[in-house]
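Colleague: Thanks for making time to go through this with me. Could we take it step by step, starting from the fold and ending at the charged pairs?

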Amino acid sequence: MVSTDRFLAFAAMSLLVIVIPGPSVLFVIGRALALGRRAALASVLGNVAGSYALVVAVALGIGALVERSVTVFLVVKLAGAAYLVILGVQAFRHRKSMRAAAMSAPAGPARGDLRTVADGFVVGITNPKGVVFFAAVLPQFVDHSAGQVPAQMLLLGLVPITIGLITDTLWGLGASAARDWFARSERRLSMVGGAGGFAMIGLGVTVAATGRAD
């Protein structure tokens, strides 16, 4: 379906776009600092799921409508920005109880993990950078003469999703490793948790203030 040259060209384009830290990376780092490695990895999982939901939307023709409509795009962008600010405020408010929560965290899967994945999903699907990339860039690498255009988009969309999964995981692990050092002191952990909260709040404000090119 997808020729090798188009596949490799799109992979190169995706890598160039993803290596530049955007809302997804900063969100994962903020979650790692505020809540730790477990939350960071769950956020990565939710984020890539939300991003692939954008691929599905583009394959179905919905993504192009969102990207072309100023009003719809603005609503999606502001919704994502507001959600980031809310998560940041929550992280900042609970920064002083982080050490107790970390010490009592269960070893197995927790119900809170699903909520964390859902948070990441919302951020991924409302990411303005993702909306523009998948709606404006992805279709350019589809071979219309080969047919099965939606299937080609779904296949190509796995490329940036896989790259993002790897790079975001590395970012999250790196940030959570730094947080582990701060966890040795309740005061330091509280400070880094507040920093993570402020990072998400700042990211939300930045996303709201950026133009269509972002």
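Colleague: Read along the sequence, what pattern does the protein chain follow?

Modeller: Happy to start there, and please keep in mind that this is a predicted model. The protein chain has 10 helices and 0 strands. Read along the sequence, the pattern is therefore α-α-α-α-α-α-α-α-α-α.

Colleague: Which elements give two or more residues to the largest nonpolar core?

Modeller: That core has 22 residues, and F10, V58, F134, L138, M153 and L156 touch the most other members. The elements that each supply two or more residues to this core are α1 (4–18), α3 (37–59), α8 (128–137) and α9 (149–182).

Colleague: And which residues does F10 touch, not counting those up to four places away in sequence?

Modeller: F10 is one of the core members that touch the most others. Leaving out residues up to four places away in sequence, F10 touches F133, V137, L138, F141, L156, V159 and P160.

Colleague: Is α8 mostly covered or mostly open, and which of its residues are buried?

Modeller: Mostly covered, with 8 of its 10 residues buried. For context, buried residues make up 42% of the 214 residues in the protein chain. The buried residues of α8 are P128, G130, V131, V132, F133, F134, A135 and V137.

Colleague: Now the charges: how many residues apart in sequence are the parts that R31 and D119 tie together?

Modeller: The side chains of R31 and D119 meet in a salt bridge at 3.0 Å, N to O. R31 lies in helix α2 (residues 23–35) and D119 in helix α7 (residues 111–125), so the pair ties together parts that are 88 residues apart in sequence.

Colleague: Is R31 buried or exposed, and what about D119?

Modeller: The cut-off to apply is that buried means under 20% relative accessible area. R31 has a relative accessible area of 5%, and D119 has one of 4%. So R31 is buried, and D119 is buried.

Colleague: Which residues do salt bridges that share partners join into one network?

Modeller: D119 also meets R115 in a salt bridge, at 3.5 Å, N to O. R115 and D119 are 4 residues apart in helix α7, so about one helical turn separates them. At 52% relative accessibility, R115 counts as exposed. Through shared partners, the network joins R31, R115 and D119.

Colleague: Last one: which helices hold D113 and R38?

Modeller: The side chains of D113 and R38 meet in a salt bridge at 2.8 Å, N to O. The pair links distant parts of the chain, 75 residues apart, with D113 in helix α7 and R38 in helix α3.

Terms used
Residues numbered from 1 in each chain as written. Predicted model: local features only at pLDDT ≥ 70, side-chain atom pairs only at ≥ 80, totals over all residues. Heavy atoms only, no water. Core = buried A, V, L, I, M, F, W, Y, C linked by side-chain atoms within 4.5 Å. Buried < 20%, exposed > 50% of the residue type's maximum accessible area, 1.4 Å probe, protein only. Contact = heavy atoms within 4.5 Å. Salt bridge = Lys/Arg side-chain N within 4 Å of Asp/Glu carboxyl O.
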